[in-house]
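Here is a report on one protein chain.

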Amino acid sequence: ILCALPFTPAFVDDIQSGFIKQFLPRTGINAYIRGKLIACAISGGLVLFIGVLLAYIASTIVLTPMEATFDGEVIAASFAPLLEKAALFFCSGMFWSLVGFTLASVTKSRYMAYAAPFIVYYILIIVYERYFNAFYYLYPKEWLNPSHFWVMGNWGLVLLLSGLTIGISMLFTIFAKGKLSNG
């Protein structure tokens, strides 16, 4: 839900406030859509990415004994898995913020921007746990804490989330072009 807070209602706000009428003649439809998608994806991804990094820094400061000395090898060895996990969270944040962005745009409700990622998340959990146990790639909990085999490890999961992000971006682009072309 946190990744949906920064930017997901932006398109709905632009439509409802009338700001888009002054902005579109200056930029064009394609540039406007591209800019909104990139801003939403990056803001949603950075919320989780920065959260992971801040949690790592805080836990390192608080939980690491003051007497322990670390050399560069220990820090480098613990930093590589952190970057993999942060990349997973970044891609997940991108996807969930774009889900809220797209469904808010379709329903014209800024409240849906905040609720849609939560609802879709739990629908996917229910579908996996009750009906399709073999399809672990549909399980959002698996996306953040992989326990099954993934081709290329965590980076395969990053590719899956990137593909889902591209798919939801294409859906928004189709909807927004139709909406903005018809006025």
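## Fold

From the N terminus on, the elements of the protein chain run α-α-α-α-α-α-α. That comes to seven helices and zero strands. Helices (H or I, at least four residues) and strands (E, at least two) are DSSP runs, numbered from the N terminus. The C-alpha trace spans about 65 × 40 × 25 Å along its principal axes. Of the 183 residues, 33% count as buried. Buried means under 20% relative accessible area, exposed over 50%, and partly exposed in between (1.4 Å probe, protein chains only).

This is a predicted model: local features need pLDDT of at least 70, side-chain atom pairs count only at pLDDT 80 or more, and totals for chains, interfaces and linings use all residues. Residues are numbered from 1 along each chain as its sequence is written, and side-chain values use heavy atoms, with hydrogens and water left out.

Helix 1 covers residues 10–17. Its buried residues are Ala10, Phe11, Val12 and Asp14. Gly18 follows helix 1 and has a positive phi, near 85°.

Helix 3 covers residues 29–63. Its 35 residues should span 51 Å at 1.5 Å a residue, and the end C-alpha atoms are 50 Å apart, which agrees. The expected span is 1.5 Å times one less than the number of residues. Buried residues of helix 3 include Tyr32, Ile33, Lys36, Leu37 and Val52. Gly45 is found in helix 3 too. Gly45 has a relative accessible area of 0%, so it counts as buried.

## Aromatic pairs

How many aromatic pairs does the structure hold? There are eleven aromatic pairs. Rings of Phe, Tyr and Trp (its six-membered ring) pair if their centres lie within 6.5 Å; planes under 30 degrees apart count as stacked, over 60 as edge-to-face and the rest as tilted. Phe95 and Trp143 form an edge-to-face pair, at 5.7 Å centre to centre and 85° between the planes. This pair links distant parts of the chain: Phe95 is in helix 4 (residues 72–107) and Trp143 in helix 6 (residues 140–144), 48 residues apart. Phe95 counts as buried because its relative accessibility is 8%. Trp143 is at 2%, so it counts as buried as well.

Phe101 and Phe172 form a tilted pair, with 4.5 Å centre to centre and 45° between the planes. Phe101 lies in helix 4 and Phe172 in helix 7 (residues 154–182), so the pair ties together parts 71 residues apart in sequence. Both Phe101 and Phe172 are buried. Ring pairs also build a cluster from Phe95, Trp96, Phe118, Tyr121, Tyr122 and Trp143.

## Largest pocket

The largest pocket holds about 240 Å³ of space. On a 1 Å grid over the protein atoms alone, a pocket is an open set of points where a 1.4 Å probe fits, with protein on both sides within 12 Å along at least five of seven lines; lining residues have an atom within 4 Å of a point. Grid points are joined across faces, edges and corners, and a volume is the space filled by probe spheres set on the points.

Which elements give two or more residues to the lining? They are helix 4 and helix 5 (110–131). Lining residues include Ile1, Leu48, Phe89, Trp96, Phe118 and Leu144. By class, the lining divides into ten nonpolar, one polar and no charged. Ala, Val, Leu, Ile, Met, Phe, Trp, Tyr, Cys and Pro count as nonpolar, Asp, Glu, Lys and Arg as charged, and the others, Gly among them, as polar.

## Cysteines

A search of the whole structure finds zero disulfides. The criterion is a pair of cysteine sulfur atoms within 2.5 Å. Cys40 has a relative accessible area of 0%, so it is buried. Cys91 is buried at 7%.

## The end of helix 4 and beyond

Ser105 lies in helix 4. It is buried, with a relative accessible area of 3%. Ser105 and Phe172 are 8.0 Å apart, C-alpha to C-alpha, yet 67 residues apart in sequence.

Lys108 sits in the loop between helix 4 and helix 5. Its phi is positive, about 60°, although it is not a glycine. Most residues other than glycine have a negative phi. Lys108 is at 47% relative accessibility, so it counts as partly exposed.
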